[in-house]
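Colleague: I'm new to this one. Could you take me through its aromatic pairs up close, please?

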Amino acid sequence: ESLGPTITVGEILVEIMATTIGKGFLDAQPLVGPFPSGAPAIFIDQVAKLGGQAGIIAAVGNDDFGRLNVERLRRDGADVSAIAVSSDYPTGSAFVRYADDGTRDFVYNIARSAAGEIDLNDSARALIARAGHLHVMGSALSIPAVWPIIDYALGEIKKRGGTLSLDPNMRKELAAGEETGRQFKALVAASDLLLPSGDELFVACPAASADEAINTLLASGIAEIVVKRGQHGSALHTNAGRVSRPAFLVEEIDPTGAGDCFGATYLTCRRLGHSAEQSLDYANAAGARNVTRRGPMEGTSTFPELDQFIAATPRK
Ligand code: ATP
Ligand code: MG
């Protein structure tokens with residue numbers, strides 16, 4: 001495993017959350033926020049909190065929504081040198097409301113916010129030049145300006161023996177045009193680690209069953225596939241077989257961000273040389289701990305916090 005920071009490219013957002021359960025935003029209603037958010041930002045914050053070197057290429061507006069995000073990432077130890085500040089566009093946002101069937105409705109302002117103004121500038125090139133691992137969030141592919149940056153970063157990092165992980169977290173509200181699909185396919189093919197949850201496995205590989213999709217993806221050369229299974233924990237699939245670990249028993253307050261914390265923790269543990277079992281346990285703990293806090297980035301964890309959580313929390 002090559003050294004050098006874990007980096008990602010994509011949206012930094014504020015999240016504003018409905019405080020009542022229901023469908024959508026067609027009526028005036030109580031809201032809470034802004035919370036720092038954006039799947040790539042949550043991911044990189046979680047890597048940094050674990051003590052891993054971590055950086056993000058992104059853009060925010062010259063406003064409080066941007067400042068609150070940059071300050072949080074900086075405080076938690078992330079490299080914020082490649083976060084540009086747009087003078088023309090406001091920071092991106094996501095409004096979320098939970099329905100009683102567990103589904104979520106979002107209203108996004110990403111591609112036409114500062115998040116869409118992301119650019120391969122000198123600071124971005126300098127971060128890429130140091131990086132040892134690239135993590136891509138599928139959600140970031142809804143920003144066309146992200147595609148050439150990922151192409152460039154992937155080429156540079158792989159040339160140095162670095163690695164790629166991909167979380168196919170495509171939300172139904174995010175635009176998924178033909179070019180997004182092509183980019184996504186190329187990334188699946190180049191991935192060393194794939195981190196799908198639920199039906200995202202079939203987004204990565206259309207197949208009649210999960211086993212068939214996993215076997216096809218492993219045969220195509222992906223070394224590790226980790227399937228996130230919410231309250232059922234997670235499982236690693238490799239050519240050597242399957243390792244599965246149970247979830248921790250917690251009260252779910254806010255599920256958003258669990259997958260991002262999980263992926264960041266699994267990847268960081270593997271980069272540190274932990275075993276598959278140990279990495280899955282830490283990642284399950286990071287996901288579970290995150291859902292007990294309101295706000296997608298409010299429940300990111302340090303290793304001491306995870307050790308304490310694991311010691312104190314029963315498994316399902
Ligand atoms: P996201 O909502 O961030 O997209 P995801 O769908 O990618 O999440 P999940 O499977 O929901 O990913 O969550 C990731 C991991 O977090 C799970 O594998 C599990 O270990 C942990 N987790 C999530 N929800 C719960 C829960 N309610 N109880 C215990 N653990 C949970
Ligand atoms: Mg997800």
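Modeller: Rings of Phe, Tyr and Trp (its six-membered ring) pair if their centres lie within 6.5 Å; planes under 30 degrees apart count as stacked, over 60 as edge-to-face and the rest as tilted. This is a predicted model, where local features need pLDDT of at least 70, side-chain atom pairs count only at pLDDT 80 or more, and totals for chains, interfaces and linings use all residues. Side-chain values use heavy atoms, leaving out hydrogens and water, and residues are numbered from 1 along each chain as its sequence is written.

The structure holds four aromatic pairs. One of them is edge-to-face: phenylalanine 25 with phenylalanine 95, 6.2 Å centre to centre and 80 degrees between the planes. That pair links distant parts of the chain, 70 residues apart: phenylalanine 25 sits in the loop between strand S2 (13-18) and strand S3 (31-37), and phenylalanine 95 in strand S6 (residues 92-98). Helices (H or I, at least four residues) and strands (E, at least two) are DSSP runs, numbered from the N terminus. Phenylalanine 25 is partly exposed, at 25% relative accessibility, and phenylalanine 95 is partly exposed too, at 26%. Buried means under 20% relative accessible area, exposed over 50%, partly exposed in between (1.4 Å probe, protein chains only).

Now for another pair. The rings of tyrosine 282 and phenylalanine 303 have centres 5.0 Å apart and planes at 70 degrees, so this pair is edge-to-face. Tyrosine 282 belongs to helix H9 (residues 276-291) and phenylalanine 303 to helix H10 (residues 303-312), so the pair ties together parts 21 residues apart in sequence. Tyrosine 282 counts as buried because its relative accessibility is 9%; phenylalanine 303 is buried at 15%.

Definitions and conventions:
Chains lettered and ligands numbered in written order.
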